[in-house]
Amino acid sequence: MTRATALLLRAAPPALIVVAALVLPGYLLPNPEAAALVGEGEAGPTLWPTMLLWLVGLCAAFWLVRVVWAGLRAPPPEAAPAAAGRPVYNRRLAWAGVAMTFAYGYAIEMMGFAVATLLFLAAWCVLGGIRRAVVLVPVAAIGTVVLLYVFVALAQMPLDRGRGVFTAATTGLYQAIGIY
Amino acid sequence: MEVFDLIGAGFAGAFQPFNFAVLVIGLLVGVVAGALPGISFVNAMAMALPFTYLMAPTQAMAFLGGIYAGGVFGGSISSILINIPGTPASLPACWEGYPLTRKGQSRRALAIAITASATGGLVSAILLTFAAPPFAQFALRFDQPEFFAATVLGLLSVIAIAKDRPVISMLSLFIGMLIGTIGVDPMYGLPRFGFGVSEMQSGINFTVVMIGLFAIGEVVDLIAAKPDLSVRREGGGGRGLSAGDLWRIKGSIGRGTGIGCMIGMIPGAGATVGAVIAYGVEKQASGRGRDFGTGIEQGLAAPEAAKNATTGAALIPLLTLGIPGSAATAIMLAAMMLHGVSPGPLLFTGSVETVYTIFASMLLANLLMIVAAALVSRGFSTLMRTPPAILGAFIIVLSIVGAYGVRNNFFDVWVCLAFGALGYVMKRTGFPSAPLVLGVILGPLAERYFLTSLANYDNDYTIFVQRPISATILGLAALFVLWSLWPLLRALIGRQGKSRKGYT
Amino acid sequence: MTASKIAVSALAGLLAISPALAQEKYPSRPIEMIVTFGPGGGADLMGRQTARLAEPVLGVAIPVANISGASGNAGLTRLLTNPADGYSVATLIALSVSSWAAGLGTAKPSDFQVVAMMQNSPSMLFVPKNSPYKTAREFLDAAKANPGKLRVATSGLGTQDDITVRYLASQGFQAKNVPFAKPAERYASTVGGHTDALYEEPGDVAQFIKSGDLRPLMVFDAKRHESFPDVTASMELGLQISDLPNFRTIAVPAKTPKEIVDRLAAAMNQVLDKPEWQKFCRETYTCTEKMTPDQAQQVVVKFHDTVKGYLDRFGAEQQSQK
């Protein structure tokens with residue numbers, strides 16, 4: 001990594017925030033007529049967000065100036081010692097985990113909470129390095145049933161039952177384990 | 001002494017087997033629910049509401065009061081053991097409690113947290129018992145400008161907490177406050193930053209943000225780092241807490257309790273705001289502010305005392321005026337109203353015995369909490385031996401259930417997941433996430449109080465310094481900022497002096 | 001291990017069971033009651049009482065789900081996206097309907113079929129205990145003498161509260177609207193004397209009325225309220241603002257089959273007859289006559305048009321002033 005790319009990487013977050021602070025006022029209200037509701041000289045719904053956008057923009061600009069200033073004066077000091085401090089860190093695994101949480105969210109809406117949770121518990125354990133079926137199957141199955149008893153049967157939360165065929169599947173499962 | 005007769009009758013009521021059992025079950029449910037990442041005590045109370053249909057009003061209140069007191073504490077167990085706050089109010093417990101665990105002193109940290117919480121809760125329950133009506137009258141004199149001033153104090157303590165890089169911490173706070181403005185505004189009902197998504201009108205809930213940033217972000221980091229969790233149990237969790245140790249942190253507990261009792265009566269503020277202000281004040285007052293963040297016992301004790309001290313105080317406006325200040329007390333109001341009992345001044349003239357049974361139950365809840373909390377803490381310490389992958393999988397499921405349960409709205413789950421990804425990035429890059437969450441909590445309160453104050457006082461911006469109580473609080477806030485910035489200013493002046501010397 | 005075996009075999013056999021379910025008679029599984037506001041408010045109490053009392057009538061559990069946000073529209077959106085099979089019902093109250101008229105959300109009355117009118121009550125004007133105004137006349141005179149000086153605590157701008165304040169102003173009684181997003185803060189502000197008056201329905205502030213902390217001055221209705229025979233009706237003072245009632249209904253999506261709507265309506269009527277409900281509605285001053293689903297639907301449609309009419313009129317006045 002050259003000095004220039006390192007500086008660019010470090011300057012990107014504050015620069016993005018500054019840009020956002022400049023662009024966002026245009027998206028504050030859904031339509032211009034809405035602003036006309038507010039009486040003259042009155043503190044209205046736009047006062048607070050506008051003030052905050054200014055503050056965010058100023059802080060980010062200050063940050064940006066400091067990063068650029070420090071980057072031009074001396075090479076970034078870290079990177080090397082930080083990597084040495086942590087022997088094993090698998091960044092790819094972490095991003096796979098993030099992706100899996102989103103997949104879980106999507107699965108809940110599609111397949112319902114019960115089926116999605118069963119699959120997710122097993123999948124996350126596999127991702128975390130637990131591959132033995134003797135552990136995986138009971139953890140996922142018992143875990144799901146316990147979660148269902150606590151949140152669906154006891155707490156009566158309206159958790160998703162899934163779409164189409166899965167609605168019937170979830171309802172059937174609930175009847176099979178005595179929740180309905 | 002008529003009051004003592006009434007309290008005696010109250011205790012007799014609270015000790016009736018069924019009442020007592022309900023209280024203990026409530027406490028245990030509260031501590032466990034609070035300790036589970038994702039599930040907060042508000043979730044637990046809402047889920048418990050249907051069960052109170054079957055109970056008498058006093059039992060319903062004892063049950064919910066037990067969950068409330070236990071749940072406000074419970075969040076700190078997961079804060080201390082795995083650095084994931086179980087409820088937003090336990091955020092400060094991460095900052096000093098988790099470093100203690102890293103040092104192998106988890107048992108000691110938990111003991112401090114339990115003692116401080118129980119003390120704070122007990123003092124506020126005593127305040128509730130003996131001084132509820134006069135305190136309620138005092139609280140009524142507070143209007144929107146005073147609430148605004150108190151919120152400003154909370155916002156400023158967030159800045160005071162920032163250890164280093166104050167500009168980045170402020171940026172984080174302002175971004176949080178900006179996120180808090182999403183959704184319909186409090187006066188005109190105009191949707192802001194909607195981007196054409198109708199769900200955005202409901203706004204971004206702070207609990208959902210907290211669960212995403214802390215629980216999901218942390219678990220994702222856990223799976224990649226594969227830390228050996230058993231290291232944290234080195235030496236059996238450190239030595240316990242002696243009477244002498246307690247005496248050393250009495251000042252911190254006292255300050256925290258006082259702050260919690262005051263903040264608890266402000267509608268909308270509640271346990272989180274109390275804990276944050278107490279942490280900020282303690283950082284200045286304890287004299288060890290420079291070391292905060294490395295596992296300082298005073299910094300753990302003060303916010304713990306404060307957050308439980310808000311529980312009894314929050315019941316004062318509820319019971320004496322019928323005004324619920326928070327989500328938790330609104331659920332208690334619902335439970336009483338469903339039984340045809342309306343809290344308010346009439347409760348004190350009509351069914352005095354009911355009132356004193358509730359008082360006695362709250363006193364008892366905070367005493368019994370020590371036992372319940374110690375039991376559950378031990379159980380959770382054992383749970384930490386589970387492989388991180390399995391632990392993480394369940395934490396994510398609970399987080400999503402908890403995020404969904406805030407409003408039973410699936411949009412919140414997506415928000416939570418997005419903040420989970422953001423939380424992971426923030427954690428890796430060292431961008432402070434706590435000010436952001438506090439911004440989401442305090443920002444909407446500040447805006448609402450600010451705009452209503454202006455609407456009520458002819459758009460006069462000087463109203464905040466004209467009213468004596470609000471002016472006093474703002475003055476204190478200003479002093480507080482100067483006080484916390486003083487070391488920084490002195491260092492700046494000192495450095496300039498030195499560099500000038502170097503040149504000449 | 002047995003629990004897991006059951007779960008696995010159940011999952012495997014699910015598709016076999018499912019077709020049988022569709023044939024069953026309504027209701028055969030729990031009905032979800034969507035309460036469109038958070039716990040502790042008037043809509044929550046109504047939804048929970050209804051669910052609790054309707055459970056034995058319908059013979060299934062009715063779990064309550066609070067889906068709050070955007071003046072109740074978050075929960076109503078959820079109702080509309082759920083299947084229209086009668087297994088989700090929601091609270092539909094005046095505040096949400098007036099929010100559509102004010103331009104919030106995309107819902108309209110024809111998206112819903114109202115099952116039953118559960119509660120209905122006019123709004124009233126309250127003053128704190130030690131207020132100098134003893135009667136509605138005195139209050140209005142003071143408003144006339146000092147335009148914009150008296151402060152009325154309301155639930156927000158663009159709501160029926162705001163419409164009433166603006167209507168009074170159009171009649172020469174100008175008061176200042178101070179909006180409070182949280183009901184608890186609104187009540188505290190008037191009880192504490194920080195605002196001069198409160199616009200609210202009596203049921204939500206019943207404890208303050210009984211304790212004397214709030215005094216009712218005027219009821220916005222054509223006639224006096226039977227529980228408050230001493231309180232002046234707005235019509236007596238010549239004010240034509242009696243068309244903004246606070247109703248609370250139970251609704252389902254418009255596409256729901258008629259048999260299911262009728263089954264639910266019959267159950268709700270049985271709930272309304274229960275002595276427990278009678279006691280509840282008397283205490284909250286919200287007892288109402290029983291209506292058929294179509295009559296109740298008419299009330300909602302008419303209310304929506306009325307609010308829209310007022311808002312259009314005020315909007316036009318504002319434009320002409322500019």
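Q: How many residues does each side bring to the contact of chain A and chain B?
A: Contact means heavy atoms within 4.5 Å, and here the contact takes 63 residues from chain A and 61 residues from chain B. This is a predicted model, in which local features need pLDDT of at least 70 and side-chain atom pairs count only at pLDDT 80 or more, while totals for chains, interfaces and linings use all residues. Residues are numbered from 1 along each chain as its sequence is written, chains are lettered from A and ligands numbered from 1 in the order in which they are written, and side-chain values use heavy atoms, with hydrogens and water left out.

Q: What area do chain A and chain B bury between them, and how much of it is on carbon and sulfur atoms?
A: Buried area is the accessible area (1.4 Å probe) that two parts lose on being put together, summed over both. For chain A and chain B the value is about 5,600 Å², with 81% of it on carbon and sulfur atoms.

Q: How many salt bridges and how many polar contacts does the rule find across that interface?
A: A salt bridge is a side-chain nitrogen of Lys or Arg within 4 Å of a carboxyl oxygen of Asp or Glu, and across the interface of chain A and chain B there are zero. A polar contact is a pair of N or O atoms within 3.5 Å, where within protein one must be able to donate a hydrogen and the other to accept it, and residues adjacent in sequence count only if both atoms are side-chain atoms; three residue pairs, both at pLDDT 80 or more, are in polar contact across the interface of chain A and chain B.

Q: Which helix of chain A gives the most to the side that touches chain B?
A: Helices (H or I, at least four residues) and strands (E, at least two) are DSSP runs, numbered from the N terminus. Helix 5 of chain A gives the most, with 13 residues. The residues on this side of chain A divide into 48 nonpolar, 10 polar and five charged, where Ala, Val, Leu, Ile, Met, Phe, Trp, Tyr, Cys and Pro count as nonpolar, Asp, Glu, Lys and Arg as charged, and the others, Gly among them, as polar.

Q: What do chain C and chain B bury between them?
A: Chain C and chain B bury about 3,600 Å², 58% of it on carbon and sulfur atoms, and 40 residues of chain C are in contact with 44 residues of chain B. One salt bridge is counted between chain C and chain B: B:Arg448 pairs with C:Glu185, the closest N and O atoms being 2.5 Å apart. Eight residue pairs, both at pLDDT 80 or more, are in polar contact between chain C and chain B, and the side of chain C that touches chain B divides into 16 nonpolar, 12 polar and 12 charged residues.

Q: How many aromatic pairs does the structure hold, over all chains?
A: Rings of Phe, Tyr and Trp (its six-membered ring) pair if their centres lie within 6.5 Å, and planes under 30 degrees apart count as stacked, over 60 as edge-to-face and the rest as tilted. There are 29 aromatic pairs over all chains, including the tilted pair of B:Tyr279 and B:Phe292, at 5.4 Å centre to centre and 55° between the planes.

Q: Is B:Tyr279 buried or exposed?
A: Buried means under 20% relative accessible area, exposed over 50%, and partly exposed in between (1.4 Å probe, protein chains only). B:Tyr279 is buried, with a relative accessible area of 3%, and B:Phe292 counts as buried at 1%.
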